[in-house]
Amino acid sequence: MSALLEKVDQSRLPKHIAIIMDGNGRWAKEKGQDRLFGHFHGVESVRNIVEGCAELKIEYLTLYAFSTENWDRPEYEVVGLMELLVTTIRNEVESLDQNNIRLHVIGDLSMLPEYARKELNEALEITSKNSGLNLIMALSYSGRWELLNAVKNIAWEVKHNRLNVEDIDQDTLQQYLCTSEFPDPELMIRTSGEFRISNFLLYQLAYAELYFTNVRWPDFRKENLYEALLDFQNRERRFGKTGEQVSG
Ligand code: IPE
Ligand code: IPE
Ligand code: MG
């Protein structure tokens, strides 16, 4: 076992880890390569981190793979990413299934090309009975898109007299988010030295512990995950209370 892993308290692990996988483009440029080369290598990190989370029996892992804003990137990169997505899903679905991993997708899937949607739906179906790690891919996702969608759907229910305005509470809103089945992430990791949320899980991250590392996503491995977990375990999560209240 790795020395770092030995220090991780297995009884105090987060149930849900969310990751902004950033830095593929810069990683590639630093090697004199095309940005797509970075995305390609980012898949290795995904495999490694999914495996690491499954070994630790983490229940939920959300990976930010593509934001609604990422559609505005140069066409060759968007197309390259879609093709990478499809080949990766195709290559990995069997191994996900064998490892009892259940795949979920959150985001505006109507934006995805038909062939990608089809591949994803198959993978969702194949892994739908699995009860181990829930791997949630945020694809064509943004927090504002999700909240707007939730508000529209709630308004629709009110308009058709299926919901009373007075009865709308946080649980109602929760039900209309695309993450309604999942608990909020306790730990959010962003790689590559950017200190921002970039429209990720805006509502769900309300009380998440944020962890930033300079490591570029294609270099991120289990050891880096353990470092993040150790950091997380040294935090005092107060949820608005005083330190005395939560430690006493
Ligand atoms: C993250 O890496 C992957 C996606 C956003 C799809 P980037 O492509 O953003 O890499 P940098 O930030 O430009 O280095
Ligand atoms: C956030 O990264 C989205 C994903 C990692 C999928 P970006 O690289 O798109 O974020 P910004 O543009 O630097 O904020
Ligand atoms: Mg980036």
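Strand β2 (residues 60–67) gives the most to the shell around ligand 2, namely 3 residues. Strands (E, at least two residues) and helices (H or I, at least four) are DSSP runs numbered from the N terminus. This is a predicted model, in which local features need pLDDT of at least 70 and side-chain atom pairs count only at pLDDT 80 or more, while totals for chains, interfaces and linings use all residues. Residues are numbered from 1 along each chain as its sequence is written, chains are lettered from A and ligands numbered from 1 in the order in which they are written, and side-chain values use heavy atoms, with hydrogens and water left out.

**Ligand 2**

The residues around ligand 2 are Ile 20, Met 21, Asp 22, Tyr 64, Ala 65, Phe 66, Asn 70, Arg 73, Arg 190, Arg 196 and Ser 198; a residue is counted if one of its heavy atoms lies within 4 Å. By class, this shell has 5 nonpolar, 2 polar and 4 charged residues. Here Ala, Val, Leu, Ile, Met, Phe, Trp, Tyr, Cys and Pro count as nonpolar, Asp, Glu, Lys and Arg as charged, and the others, Gly among them, as polar.

**Ligand 1**

Around ligand 1 there are 13 residues, the closest being Asp 22, Gly 25, Arg 26, Arg 35 and Arg 73. They divide into 3 nonpolar, 5 polar and 5 charged. Helices α2 (24–30), α3 (35–55) and α4 each supply at least two residues of this shell, and α2 provides the largest share, 3 residues.

**Distances to ligand oxygen atoms**

| Protein atom | Ligand atom | Distance |
|---|---|---|
| Arg 190, polar side-chain atom | ligand 2, oxygen | 3.3 Å |
| Arg 196, polar side-chain atom | ligand 2, oxygen | 2.8 Å |
| Ser 198, polar side-chain atom | ligand 2, oxygen | 2.6 Å |
| Gly 23, polar backbone atom | ligand 1, oxygen | 3.3 Å |
| Gly 25, polar backbone atom | ligand 1, oxygen | 2.9 Å |
| Arg 26, polar backbone atom | ligand 1, oxygen | 2.7 Å |

Taken alone, ligand 1 exposes 380 Å², of which the protein buries 88%. Accessible areas come from the Shrake-Rupley method with a 1.4 Å probe.

**Glu 92**

Glu 92 is located in helix α4 (residues 75–98). Glu 92 counts as buried because its relative accessibility is 16%, buried meaning under 20% relative accessible area (1.4 Å probe, protein chains only). The side chains of Glu 92 and Arg 47 are joined by a polar contact of 2.8 Å. Such a contact is a pair of N or O atoms within 3.5 Å; within protein, one must be able to donate a hydrogen and the other to accept it, and residues adjacent in sequence count only if both atoms are side-chain atoms.

Notes
Buried < 20%, exposed > 50% of the residue type's maximum accessible area, 1.4 Å probe, protein only.
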